[in-house]
Each structure stands twice: as structure tokens, then as C-alpha cells.
Amino acid sequence: MHTRNLIGGEWVGAESGAVFPVRNPATDETLAEVPDCGTTETARAIDAAAAAFEGWRALPAHERSAPLRRLSDLMLAEVEPLATLLSREQGKPLAEARGEIRYGASFVEWAAEEAKRVYGETIPASTPGKRIVVLRQPVGVVAAITPWNFPNAMITRKIAPALAVGCTAVVKPAEQTPLSALALGDLCARAGLPAGVVNIVTGRDPAPIGAALFADPRVRHVSFTGSTEVGRVLMRQAAANITRLSLELGGHAPFIVFEDADLDKAVAGLMASKFRNAGQTCICANRVLVQESIADEFVARLRGAIAGLQLGPWDSPDATVGPLIDDDAVAKVERHIADARAGGASVRTGGTVISPRAGLARRFVEPTILEGVKPGMLCTREETFGPVVPITRFATEAEAVRLANDTPFGLAAYFYTRDASRLIRVAEALEYGVVGANDGAPSTAQAPFGGVKHSGFGREGGKHACQDYTELKYVSIGL
Ligand code: SIN
């Protein structure tokens, strides 16, 4: 287990020697202590990334691609220890953590290949004596501020395309889950990424680290995943140095089930979307809209599927739903359930927070169905980030689309139908960056993941992510 920061190829502590604990959310056991860094260490990491930039960008694309490919191979070869560490610090069941490591490796593999395809353009000039050539160049030092819900994959999704196009990186992992980031740093070094190309700075308080990143004009792009509230703060900070931003902020995904849907597929899609990581994903179904005529049948089948879920900590072989990350997360879910009940919704399944056995924290939320949820209730306005399914019935397609779009958020939306015309109509009408049409698990390395409206901007994944980390420069050549 690496418990020091990676800066300029060295494993170092905080200048002050300060550390902070990382704990297992299922048990509150302290797993390790990591450096509690701030402005000074962030400045050093930027120095290291800036020093490495010229050499890294100058490498032929094939030579940048090779260590990335090795990194992806190492991640796959070491799924087991990486997943175990991730489960212990984040809480998700081991099988899910293995899936996250493979998902994380897929971004690195894809970017390694795409490194060779960072193409420019030529544009016909308007006079015979000129030629116009468009170059795509790396923006420079990139900072990745990453969340705790995917301690591995959200780092690789941000830095792999940046490295592929020739940028270098400073990573600030979430304070709850720094160990997976440090483990990844170790693999970056072993894969042969030169010193300073990837730097990792941990800190209990993200504010001074973030401020140092935006204060330094050498940091040309900051990619952040987290709340809309923090995203607004970062936008203000970015103004000082006109720092480029990618913001993957909160979501509030509607999940629509039309009466012509294949109900078994819709239930399976909802289970995949809603209970992944105990409902702690930005794209998980947050409002389930079901057409009146099939609502009773749908809820009955959903209850059957939910009965097969098992609450438990990471090392329980049968666990499918782990603990929430902390007590604030539990309190928010409890608030949403209480508010819905007070407004007339009924709990059809679950509804309580438990400790599944002695020695475990009371952070396990029973998979819950809330029926009779009405627009305006807390769970229809805020991201719940827990295993709660709030169900609202609707009558017509127009009403479903109106309810689905009735939110400032616009990250992911889902709907199930077997009508081909409706599929096109609704996919086009939904104001979201990611739409799962008969698909509850749309995330993949090659597609441009990201939101609209208050869910942010910028795209992660695919060639679009690589493009986000490049500047276009045109050279007008007089002959
Ligand atoms: C997220 O919750 O932020 C990411 C989810 C995903 O990549 O599928």
C-alpha cells in the first residue's frame, strides 16, 4: 500500500509531516494515513508536471502510447489487489470494485490507441499563394480533481486522454479514497511513464489545493467531478487565469418506463442503474417515471428483483449493496425518505438504515421503493445518492418528457420502449448529455460522457476527451 504522494517521480510526505486517516466506511477501521498536503506540495507537483511537459509532448505518439498500454495491462494483471484496496476504502462490493478496475483500465487502453490518431487538418486557402494547416497541440499541465465514488476509474478517465495527447497531470484524489489513487501512481511509474508526467497530491481539505491549481498559470486545464455547488466555485476561480475547465457535476437522472416497454428488460436496466455503488453515481436513476397502465406490474417485478439484493461489507461474498460513504450521505437519504413520506408517498420496500451485523457501521440503506412520489418532493429536486427508487406515474409521452426535463440537471436519462418512432422522438427530446434508450448501463470508454445545464460541460471518454485536452492552432503559410 502506498501512503506517500507521488511528485516528480519521488514518493514524498507533506512538508509539515502532517497526515490524515483513511477509513473503511463499513467499519470505521483506519486503513492508513496519507499526507495532508496543501499549497506548497501542490506548487511542487505543478513544477514537476511543468518540467516533464516539454519532454513528454515531444515524444512521438507511439512512444507515449506504449507506457499507457503497459499501464492498462498492469491494471488488468493486478485487478485483485487494486479492487480489494478500492473496496476497503470506498465500500463497494468486491465484484463491483473488480468491475471498476477493468472500467478504469479500458480508458487507459482506449487512450493509448487514440494517442496515435490526434490528427490536424488542412483547409483550402482563399488565395493561391497560401496554405492553411491546423495543428492540435496539448494544452499543457492538466489537473484532475476526482471523486470518491469511483476512486480508480474517474482518475484514468480524466488523465489517460490528457497523457495520450501529450499533457502532464497533477491529480488531487478525493480525501475519502486516496489509497486507490496512490496505487495507480505506483502502476504509472512501473509502466514507464517518465517522472513528473503523473503527480498525485493528497489532502484532507481540497480548498487550498484547488486554489493553488487555479492560481498557477501553468495549469492550463482543470477537470473536476463533483457537486454543482463546488463546480460554481471552480468556475469563479478559473476566471483568474482563464483556466480551461471540464465539469462533470451532479445529475438527476429520470428513468422512464413506457407501457410498450419490455418490462423485464426495464427492471434489469433499473437495477443496474440504480443499485450500482449503492446508488452513489452521478448517472444513477433518481426519478422513476412509469406509465399508469403498467405501473402495478412494474413495481411488483421490481420488488421481486430487489428481494435478491444483499446488503453487506466489501468482504462479504454475497454482498451486492455496500454502505454509503459517510454519515452525511446517510442523513441525506433519510431526509429524502422522510420528506417523501410526509408528502404522502408510501414505502413499498426497505426504508430503513441498518448495520447488517455486529462491528459494522449503521450506513447500510435498505433498497427502498417509494410510491406516489410527486414533483416538488426533495427526492425529485436533489440527487439522493443512495439506493432509493422514487416512483411517479404518468399518463402520456408528452407528460413523461416534460417531467423528465423538469430539472436544472442534464447528465443522464433513461427510457424503455419497444416503439421505434418513440425511441427516436424521446431520445431527441430529452435534455441530457447521456441517454440510455433501452440501456441502463450506457457508460463506456469510447463514448463522450458528460452533461448539459447544471450538470456541467466538457466530455470524458472517446476521441472527444482527447480533443478537450488539445488547443487548435492554425498556421497560415505564405508560399
Ligand atoms: C459518475 O458517477 O460520476 C460516473 C459514472 C460512470 O462513469 O458510469
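A polar side-chain atom of Glu248 is 3.0 Å from an oxygen atom of the ligand. The ligand, taken alone, exposes 260 Å², and the protein buries 100% of that area. These values belong to a predicted model.

Two further side chains make approaches of this kind. In Tyr103, an N or O atom of the side chain lies 2.7 Å from an oxygen atom of the ligand. For Asn149, the distance from a side-chain N or O atom to a ligand oxygen atom is 3.4 Å. With polar contacts counted within 3.5 Å, Tyr103 at 2.7 Å, Asn149 at 3.4 Å and Glu248 at 3.0 Å each fall under the cut-off.

Tyr103, Asn149, Phe150, Met154, Arg157 and Glu248 are among the residues around the ligand. The shell also includes Arg276, Thr281, Cys282, Ile283, Ser443 and Phe449. By class, six residues of the shell are nonpolar, three are polar and three are charged. The site of the ligand is the largest cavity.

The division of the chain gives this site its context. Domain 1 consists of 5–249 + 455–478, and domain 2 covers 253–443. Between the C-alpha centres of domain 1 and domain 2 the distance is 31 Å. Their contact draws 26 residues from domain 1 and 27 residues from domain 2.

Glu248, for example, belongs to the shell, and its number falls within the 5–249 part of domain 1. Ile283 is also in the shell, and its number falls within 253–443, the range of domain 2.

Key:
Residues numbered from 1 in each chain as written. Predicted model: local features only at pLDDT ≥ 70, side-chain atom pairs only at ≥ 80, totals over all residues. Heavy atoms only, no water. Near = heavy atom within 4 Å. Polar contact = N/O pair within 3.5 Å; in protein donor to acceptor, adjacent residues only side chain to side chain. Areas by Shrake-Rupley, 256 points an atom, 1.4 Å probe, with all protein chains shown as cover. 1 Å grid on protein atoms, 1.4 Å probe; cavity = no way out; pocket = protein on both sides within 12 Å on 5 of 7 lines; lining within 4 Å. Sits in = over half its atoms within 2 Å of the grid points. Nonpolar A, V, L, I, M, F, W, Y, C, P; charged D, E, K, R; others polar. Domains from an automatic or database assignment. Contact = heavy atoms within 4.5 Å.
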